[in-house]
Amino acid sequence: MPRPILAAIDTRAMAHNLARVRHLCSSARIHAVVKADAYGHGIAAARQGFSEADGFSLIEIERAIELRQLGWRGPILLLEGCFSALDWQAASEHRFDVVVHTDEQIATLATTPLSRRVNVHVKFNTGMNRLGFSPGRSRDVLTRLSSNAAVGELTLMTHFARADEPDQHLEQLKRFRDLSDGLPYATSVANSAACFDFERVGGDWVRPGIMLYGATPFSHATRPAAALGLIPVMTLSTEIIGIQHLRPGDAVGYGGTYVAGKPERIAVIAAGYADGYPRHAPTGTPILVGGHRTRLVGRVSMDKITVDVTDLPLAQVGTKVELWGANLPVDEVAEAAGTIGYELLTAVAPRVPRLLR
Ligand SMILES: *Cc1c(COP(=O)(O)O)cnc(C)c1O
């Protein structure tokens, strides 16, 4: 028997969340963002759950090739672009669209013989100061790209640093509009958070990621995923594998950081940081045992966590445990552990089997 930990992936929830994007951004085409192995859900699940998307976008070229092998014939966008001449050749061969954000990439493209034209998304830095050309260079960059016979369609893109905070993306949006208005190119601007402000942000393409997986791009406290009409895709579940009876003063786990104040019943659960459960989750982090909410106690170890089941007398070896998912938002667990749903989902370890439903 395999260990009981399992990530169940609800492909119908994926389709629902994609339909939510379609409703919010009805005039745009959707590039479903599937980087980091579809935010930890697996590329095969993404291919199935997002089959109604207009395109996929990701970072990893091997995964892009896998999408082609899974039968996806539509657009695929490489979000960090090409890292070498070989990547350009593979992009051309497999019909990948490619982000260009440096002069080095333009130079490599100019000197690499390609079998077929490549569509390019030109990325502009409008204030995030991570990747992209400064808007002042737009004429020069667009002239160089459009005069290269290997370049097919051009699209202009930018990425927001603070679309999750009210109105904090408007300055970047203005800079992007100043450079793109009047040019004959399609545009791509919105991440998940900005999809909820599509009326103002606009764009011919949108690039939602986290919302497609049913987690919030905002803070869980103010705009939880359920209030945004999203359905959790991954349910990470496992079982109780041991029970301990503590006397007052007994400590639990490494470091003895949790000490029982009264007689307590503690369940030992098959999930640890080597599965992707956050080691920083403190005593009090919520967890569902047999459908009942209780709390983590003591330190998260590599393969196990310990949970207070004093008030759940029916909890025993074999009782089902939900770490996050359909009944406990991943964002709530993330908040307790001082991080975000994105990190928990993408950190689910390869040793955890994914089961498509
Ligand atoms: C990851 C990423 C996205 C998706 O962001 P979410 O916040 O998950 O919606 C969009 N665009 C780019 C360039 C990205 O790298």
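Reader: What volume does the second largest cavity have?
Author: About 50 Å³. A cavity is a set of points on a 1 Å grid over the protein atoms alone where a 1.4 Å probe fits but cannot get out. Points join across faces, edges and corners, and the volume is what probe spheres set on them fill.

Reader: What kind of model is this?
Author: A predicted one: local features need pLDDT of at least 70, side-chain atom pairs need 80 or more, and totals for chains, interfaces and linings use all residues. Numbering runs from 1 along each chain as its sequence is written, and side-chain values use heavy atoms, without hydrogens or water.

Reader: Which residues line that second largest cavity?
Author: Lining residues have an atom within 4 Å of a point. Here they include Lys 123, Phe 124, Arg 130, His 159 and Gln 172. By class, three are nonpolar, seven polar and two charged.

Reader: How many cavities of 30 Å³ or more are there?
Author: Two. Tyr 213, Pro 232, Trp 324 and Asp 331 are among the residues lining the largest cavity. That lining has nine nonpolar residues, two polar and one charged.

Reader: New topic. What is the volume of the largest pocket?
Author: About 770 Å³. A pocket is an open set with protein on both sides within 12 Å along at least five of seven lines.

Reader: Which residues lie nearest its centre?
Author: Lys 35, Tyr 39, His 159, Asn 191 and Tyr 342, out of 37 lining residues. His 159 also lines the second largest cavity.

Reader: Now H1. Which of its residues are buried?
Author: Thr 11, Ala 13, Met 14, Asn 17, Leu 18 and Val 21. They cover an arc of only 155° around the axis, so they sit on the same side of H1. Buried means under 20% relative accessible area, exposed over 50% (1.4 Å probe, protein chains only).

Reader: Which exposed residues are on the face turned away?
Author: Arg 12 and His 23.

Reader: What do the buried residues of H1 pack against?
Author: Strands S1 (6-9), S2 (29-33) and S9 (205-206), plus helices H3 (43-49) and H9 (192-195). Contact means heavy atoms within 4.5 Å. H9 also supplies residues to the lining of the largest pocket.

Notes. Ala, Val, Leu, Ile, Met, Phe, Trp, Tyr, Cys and Pro count as nonpolar, Asp, Glu, Lys and Arg as charged, and the others, Gly among them, as polar. Helices (H or I, at least four residues) and strands (E, at least two) are DSSP runs, numbered from the N terminus. The arc is that of the directions from the helix axis to the C-beta atoms.
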